[in-house]
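The exercises below walk through one protein structure, each with a task and a worked solution. Please keep the sequence and the structure in view while reading.

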Amino acid sequence: MDFEKRLTEIAGAANVKLEEPMKNHTTFRIGGPARYFVTPENADALILVIGLCRGEEKPFAVIGNGSNLLVSDQGYKGVVISTEKLDHCQVEGNQIRAEAGVKLARMAKQALEHGLAGLEFAAGIPGTVGGALVMNAGAYGSEMKNVLVDAVLLTKDGAVIRRTGEELELGYRTSNIPTEGLTVLEAEVRLQPGDKTEILRVMNDLAAKRREKQPLEYPSAGSTFKRPEGYFAGKLIQDAGLKGYTVGGAQVSEKHSGFVINRGGATAEEVVFLIKQVQKKVMKQFNVMMQPEVRFIGFADTEVRE
């Protein structure tokens, strides 16, 4: 039986699209077509789809909300697997268990509704629980590491395991999830009882800061670069004279130099060229290597990989 037929049998015909434009599935609004774009109905189907890809040696990439992702203009020749339908989220006492596709904003809202404090930082992060664990997402002085109890993951060998944050080696925008070829299925966080009014106030304050300082009016992948130790990425880029630096439709934001934005019609090639120029100019002036925070898929050029 051919790969496409088996994929359709496992995931369901309605959940498999061919040559799906990835610009429709990334917050950058950039990206060519995925040969196969699959949205498994649940974790069991996700496991089977990944097992099929591994067995048939088909390249695959698991994505969440596409909020930290740049897909090449040529697209992706393999299988893009979206976790968007893995969206079960349940509150039990002071803990919330959420599947990989649950958006962080929704999880934070659930925490607010149940009077649980500790996830306020996540309310404005556009990613999903799975993506948040992969990169230990954080903002305004907190991160997933601070609230995570454990995660359920799929290994390269097809085993389902449970690991704590410590075992996942969660650090600044990093974990061992990608290096070990793991896939997040769900996560559990532990929060603290809090006052709903105060939790909402903190969320609103952080939302106001984001609107004031970040270019939310333009498509982007969020912060483009990791913060170099001892520096601020945005300040280095600005001090290098690159604020507003433009390549085609891609631009270093004039509002916050840590963001590369799509001003309209930007291509992945333009974004990559801009990123490399920023890296070169900051290295030349300050001897600091800027590491992208963005995940790249569909690129042959290994220089743009994380």
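This is a predicted model: local features need pLDDT of at least 70, side-chain atom pairs count only at pLDDT 80 or more; totals for chains, interfaces and linings use all residues.

**Exercise 1. Find which residues touch the most other members of the largest nonpolar core, and which elements build that core.**

Solution. Of the 37 residues in the largest nonpolar core, Ile-96, Met-107 and Leu-119 touch the most other members. Such a core is a set of buried Ala, Val, Leu, Ile, Met, Phe, Trp, Tyr and Cys residues joined through side-chain atoms within 4.5 Å, where buried means under 20% relative accessible area, exposed over 50% and partly exposed in between, with a 1.4 Å probe and protein chains only. Next come the elements that give two or more residues to this core, namely β6 (89–92), β7 (95–99), α3 (104–113), α4 (129–134), β11 (148–154), β13 (183–190) and α5 (196–213); helices (H or I, at least four residues) and strands (E, at least two) are DSSP runs, numbered from the N terminus. The largest share, five residues, comes from α3.

Residues are numbered from 1 along each chain as its sequence is written, and side-chain values use heavy atoms, with hydrogens and water left out.

**Exercise 2. List what Met-107 touches, leaving out residues up to four places away in sequence.**

Solution. With contact taken as heavy atoms within 4.5 Å, and residues up to four places away in sequence not counted, Met-107 touches Cys-89, Ile-96, Ala-98, Val-102, Leu-119, Val-129 and Val-189.

**Exercise 3. Work out the strand order of the open sheet of four strands, and say which helices pack on it.**

Solution. The order is β1-β2-β5-β3, with mixed pairing; two strands pair if DSSP finds at least two bridges between them. At the edges stand β1 (16–21) and β3 (60–63), each with a single partner strand, so one side of each has no neighbour in the sheet. From one strand to the next the twist averages 30°. Within the sheet, β2 and strand β5 (residues 76–82) run parallel and are joined by four bridges, and the bridge partner of Phe-37 in β5 is Val-80. Turning to the helices, α1 packs on the sheet, where α1 touches β1, β2 and β5, and the direction of α1 makes about 40° with that of β2; axes are lines fitted to C-alpha atoms, for helices over the stretch in contact, and angles run from 0 to 180 degrees between N-to-C directions. Helix α2 (residues 43–55) also packs on the sheet, touching β2, β3 and β5, with a direction at about 160° to that of β5.

**Exercise 4. Describe the two aromatic pairs and the charges over rings.**

Solution. The structure holds two aromatic pairs, a pair being rings of Phe, Tyr and Trp (its six-membered ring) whose centres lie within 6.5 Å, with planes under 30 degrees apart counted as stacked, over 60 as edge-to-face and the rest as tilted. Phe-3 and Tyr-36 are edge-to-face, 5.4 Å centre to centre with 65° between the planes. This pair links distant parts of the chain, since Phe-3 lies in helix α1 (residues 3–11) and Tyr-36 in strand β2 (residues 33–38), 33 residues apart. Phe-3 counts as buried because its relative accessibility is 8%, and Tyr-36 counts as buried because its relative accessibility is 8%. The other pair, Phe-296 and Phe-299, is edge-to-face at 5.8 Å centre to centre and 85° between the planes, and both Phe-296 and Phe-299 are buried.

For the charges, the charged end of Arg-35 sits over the ring of Tyr-36, 4.8 Å from its centre, where the criterion is NZ of Lys or CZ of Arg within 6 Å of the ring centre and within 35 degrees of the ring normal. Likewise, Arg-227 lies over the face of Tyr-172, at 4.6 Å from the ring centre.

**Exercise 5. Decide whether Leu-7 is buried or exposed, and find its place.**

Solution. Leu-7 has its place in helix α1 and counts as buried because its relative accessibility is 0%. Residues up to four places away in sequence aside, Leu-7 touches Gly-12, Val-16, Tyr-36, Val-38, Val-49 and Leu-52. Leu-7 and Tyr-36 are 29 residues apart in sequence and 9.3 Å apart in space, C-alpha to C-alpha.
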